[in-house]
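Thanks, everyone, for making the time. I would like to walk through one model this morning, going from the overall fold to a few individual residues, and I will give the criteria as they come up.

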Amino acid sequence: MTRHQSALSALVSELLQDPDLAHEELFRRLLQAGLQDLIDAEASVKIGADRYERSPSRSTRRNGTRAKRLATPAGELDLAIPKLRAGSFYPALLHPRRRVDKALWAVICTAWIDGVSTRKVEDLVRALGNESGISKSQVSRICGEIDEVVAEFLHRRLDHTWFPYLFLDATYLDIRQGGRVVSQAVVVATGVAATGHREVLGMAIGDAETTDFWTQFLRSLRERGLTISTPAAPEGVLMVTSDAHSGLKHAIKAVLPGASWQRCRVHFARNITQTLGSARSKPVNALVSTIFAQTSPETVRDSFQQVTASLESSFPKIAAMLKDAEADLTAFAAFPIEHWRKIWSNNPIERVNREIKRRADVVQIFPGRDSATRLVGAVLQDQHEEWQYGERRYISDISLRRLADMLTTDTPETTSRLLMTA
């Protein structure tokens, strides 16, 4: 008998031994056993083998379980979510957004209990389904459950695959510290894995985007297994895409040697708009965008020179900005053409930040860093699972395999194009 048959089988056996089992309890346990069977079956499909089964299609192995309590009309169900030695697993039948909603509820309740919220959160709590008030013990239990899962996710190992592309960005949240409300930087790292899927690699909260803070954050990714690219072992981080924050740039150079740095083209366009104003910047940004419409590294370089030269007389300041940023704005051109649109801007991670802000706007002021980590971590974990279990790849795995083959080819062209430093 396989593992995914055991939950219902055990319940049937118990029922045969105790025919007087309460009907309400029976229905709850029947639902629990059925859901557990579905979860275990889905895990077997993900792994490619049942528990203890020998199979050539097996992709990884189970590594214990983590508890999941699910509220249903039949009562609370205690489920066991299988953990994997490589990768992650979350059953499709448990909608991932429930974790975020629970985290948001817990943060709001914590703020209400501590008396630090500047809003009338009682209405929000009732809107989220709590009409009878807030129990400190209930909030504490929920927070503990979420914190455990989020901590496991944010501190997981990153050496299970190759991440050629890394994206870094920050947003700011208002957090109460020492009786004062202060703005805190929330930094997030995402990456493209060798499979072509994106993954959330980590997040951290600090006072500001200083060089020290970014350096500490990137080192934590290295300590968890994120590898750098070297001539002897080229399958590491090949390129980092971010804005031009000086603290971040210095940290990338110090912690991720061997990686090119791509200055986000969208952020650069915003810099042009800030310099010229909205009306005057439109034709200039349209001209600059022609650089990114090219189809070969050579035409990218030629177009960059032509655009810069055409702006020198009418917009000398913008021309100077382009000259200073040439290597950083065109770093994408050293990589496969089919990857260019995916790696020359920070748009993907900015969408993640917008989701963080959407949830954070409900809270407005977090009662502490722990509560902010709880909510942001839940948002990021849900996004990570959507990326992992979605059928759509961000970049073709076939093109990434070709990139890996190119890296192992010992030619001057490969070295200059794919292993240039930032």
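Predicted model: local features only at pLDDT ≥ 70, side-chain atom pairs only at ≥ 80, totals over all residues.

Let me begin with the contacts, where a contact means heavy atoms within 4.5 Å: among those in the protein between residues at least 6 apart in sequence, 67% join residues at least 24 apart. Residues are numbered from 1 along each chain as its sequence is written, and side-chain values use heavy atoms, with hydrogens and water left out.

The protein has 16 helices and eight strands, these being DSSP runs numbered from the N terminus, with H or I over at least four residues for helices and E over at least two for strands. Of its 422 residues, 49% are buried, and here buried means under 20% relative accessible area, exposed over 50%, and partly exposed in between, with a 1.4 Å probe and protein chains only. The protein exposes about 20,600 Å², of which carbon and sulfur atoms supply 51%; the areas come from the Shrake-Rupley method with a 1.4 Å probe, and for residues only the protein chains shown count as cover.

Turning to the interior, a nonpolar core is a set of buried Ala, Val, Leu, Ile, Met, Phe, Trp, Tyr and Cys residues joined through side-chain atoms within 4.5 Å. The largest one has 61 residues, and Tyr165 and Leu380 have the most contacts inside it. If we set aside residues up to four places away in sequence, Tyr165 touches a list of residues including Val192, Met239, Phe335, Ile343 and Leu403. Apart from this core lies another, of 26 residues, among them Leu158, Ala185, Ala189 and Leu221.

Leu380 comes back in a helix pair, because it is one of the residues of α14 that meet α13, along with Val376, Val379 and Trp387, while the α13 side includes Val352, Ile356 and Val363. Helix α13 (residues 347–363) and helix α14 (residues 369–389) pack at an angle of about 145 degrees, with their axes 10 Å apart; axes are lines fitted to C-alpha atoms, for helices over the stretch in contact, and angles run from 0 to 180 degrees between N-to-C directions.

Now to the loop between α2 (23–47) and β1 (62–72), which holds Thr60. Is Thr60 buried or exposed? Thr60 is buried, with a relative accessible area of 11%, and, not counting residues up to four places away in sequence, Thr60 touches Ile47, Leu84, Arg85 and Ala86.

Arg58 sits in the loop between α2 and β1 and is buried, at 17% relative accessible area. Leaving aside neighbours within four places in sequence, Arg58 is in contact with Ile47, Gly48, Ala49, Asp50, Tyr52 and Glu53, and its C-alpha atom is separated by 8.8 Å from that of Lys46, 12 residues apart along the chain.

Tyr52, in the loop between α2 and β1, is exposed, with a relative accessible area of 75%. Phi of Tyr52 is near 70 degrees, a positive value in a residue other than glycine, and for context, most residues other than glycine have a negative phi.
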